[in-house]
Amino acid sequence: GADERKEKGSKDGLYRPLGLFTEVLSLVKGNYVEPVEVRPLLQGAFAGMTEAMDPFSEYVPPEKMAAFEAARVARGKAEHVESGLVLARRAGYPVVVAAVPGSPAAAAGVRTDDILEKVGGVSARNLALWEVEAALSGKPGGRASVLVVRESKPRRQTLDLVRASWSPALPSAERVSGELVVRIPAFGPGTADALSGILAPLDRTKPLVVDLRGNAWGSWDEAARAAAFFGPEGPLGELKGRKIPAKSWKAEAGQRLHEGGLVLLVDSGTGGPAELFAAALREGAAKEAGFDVA
């Protein structure tokens, strides 16, 4: 209301979008060929609005709050096994951002950019991301199936997930066409220490390829620790949000283990802590070259 009063002379006040929404709702109710139920329309609008904000946001209707809370509590139990999927939403369907290497989802053959058409035989079109994860995770030994749609042939495949205790794969190194490639599949516990063990014996001036493809899971702290091995001392990044305490990271003197040329490999499955890692390395390289990064 205070903001609206400040904009008395403006046509773009806070209530203008609400008026437009109400007008569209009235037109649908008055002109659609069949009787319209307002509740499904409103829920569809809320769901579409949250999805439009970002592919990870979701609207939980009141009648599903109890199930949502039960799923959240279950995830905190020791015997609960996660599927290892990082999910977003695309065109109304859950889409795989990444299947964490070492997880049941990765073992089943789920890939980045797979669209989940069915989960346990049920259409995923109207399932929230938390409902998908609740259906795929649970006690060890259980099984779940997903029907995935992908660009490669066969376009549709049914994959079976077997729930089992797992740990994310740690960094590894191999020579590819004469180049040393360090693969970081996730930023789980122990990632920075394993990466340090790989880098320490190397010639720190030699070029290196760091593969972050499909890395969308893990700890921000672990990613910041790993990033400190590749750049100059100073700020690495900052995490801020409306409902989370702000946090920042910086590289200290003596942490650096590599000073040569560096190539980062990323794809549509690179996200979360891996984005912090990549951005810190990019800004560190720009700083050393004397450039400002916007």
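These are my notebook entries from a look through a predicted model of one protein chain.

**Entry 1: the whole chain**

I started with the overall numbers. The protein chain has 294 residues, and 36% of them count as buried. I counted nine helices and 12 strands in it. The C-alpha trace spans about 75 × 55 × 40 Å along its principal axes.

Next I looked up the surface. The accessible area comes to about 17,400 Å², and carbon and sulfur atoms account for 55% of that. For charges, I found 37 positive and 37 negative side chains, with the centres of the two sets 3 Å apart.

I also checked how far along the sequence the contacts reach. Taking contacts between residues at least 6 apart in sequence, 60% join residues at least 24 apart.

I went to strand 5, residues 143-149, and asked how many of its seven residues are buried. The count is five, so strand 5 is largely enclosed by the rest of the structure.

Then I looked for its partners. Strand 3 (residues 115-119) pairs with strand 5 in the antiparallel sense, over four bridges. Strand 6 (residues 156-162) also pairs with strand 5 in the antiparallel sense, over seven bridges. A hairpin of six residues makes the link from strand 5 to strand 6.

In strand 5, Leu147 stands opposite Lys118, and its bridge partner in strand 6 is Thr158. A reminder to myself: strands of a sheet pair through backbone hydrogen bonds, in a parallel or an antiparallel way.

**Entry 2: helix 6 and what follows**

Helix 6 covers residues 129-136, and six of its eight residues are buried, so this helix is largely enclosed by the rest of the structure too. I wrote the buried ones down: Leu129, Trp130, Glu131, Val132, Glu133 and Leu136. I noted that two glutamates, Glu131 and Glu133, are in that list.

What do the buried residues of helix 6 pack against? I found helix 4, along with strand 1, strand 2, strand 3 and strand 5.

After helix 6 comes Gly138, with a positive phi near 155°. I followed Gly138 to Glu79, which is 59 residues away along the chain, and the two C-alpha atoms are separated by 7.7 Å.

**Entry 3: Glu79**

Glu79 sits in the loop between helix 4 (65-75) and strand 1 (85-90). Is Glu79 buried, exposed or partly exposed? Its relative accessible area is 40%, so I put it down as partly exposed; the cut-offs are under 20% for buried and over 50% for exposed. Setting aside neighbours within four places in sequence, Glu79 is in contact with Gly138, Lys139 and Pro140.

**Entry 4: Ser103**

Ser103 lies in the loop between strand 2 (93-99) and helix 5 (104-108). Its relative accessible area is 2%, so Ser103 is buried. I then asked which residues Ser103 is in contact with, leaving aside neighbours within four places in sequence. They are Ser83, Gly84 and Trp166.

I moved on to an open sheet of four strands, which has the order 7-8-9-12 and mixed pairing. Strand 7 (172-176) and strand 12 (262-265) are at the edges; each has a single partner strand, so one side of each is left without a neighbour in the sheet. On average, neighbouring strands of this sheet are turned by 25° against each other, direction ignored.

I checked one pair by residue. Strand 7 and strand 8 (residues 179-183) run antiparallel and are joined by five bridges. Within strand 8, Val181 is the bridge partner of Glu174.

**Entry 5: Pro273**

My last stop was Pro273, in helix 9 (residues 273-289). With a relative accessible area of 4%, Pro273 is buried. Which residues does Pro273 touch, not counting those up to four places away in sequence? I listed Phe187, Gly218, Ser219, Trp220 and Ala223.

Note on methods: Residues numbered from 1 in each chain as written. Predicted model: local features only at pLDDT ≥ 70, side-chain atom pairs only at ≥ 80, totals over all residues. Heavy atoms only, no water. Pairing = 2+ DSSP bridges. Axes fitted to C-alpha atoms, helices over the stretch in contact; angles between N-to-C directions. Buried < 20%, exposed > 50% of the residue type's maximum accessible area, 1.4 Å probe, protein only. Contact = heavy atoms within 4.5 Å. Areas by Shrake-Rupley, 256 points an atom, 1.4 Å probe, with all protein chains shown as cover. Lys, Arg positive; Asp, Glu negative; His and termini not counted. Charge placed at Lys NZ, Arg CZ, Asp CG, Glu CD.
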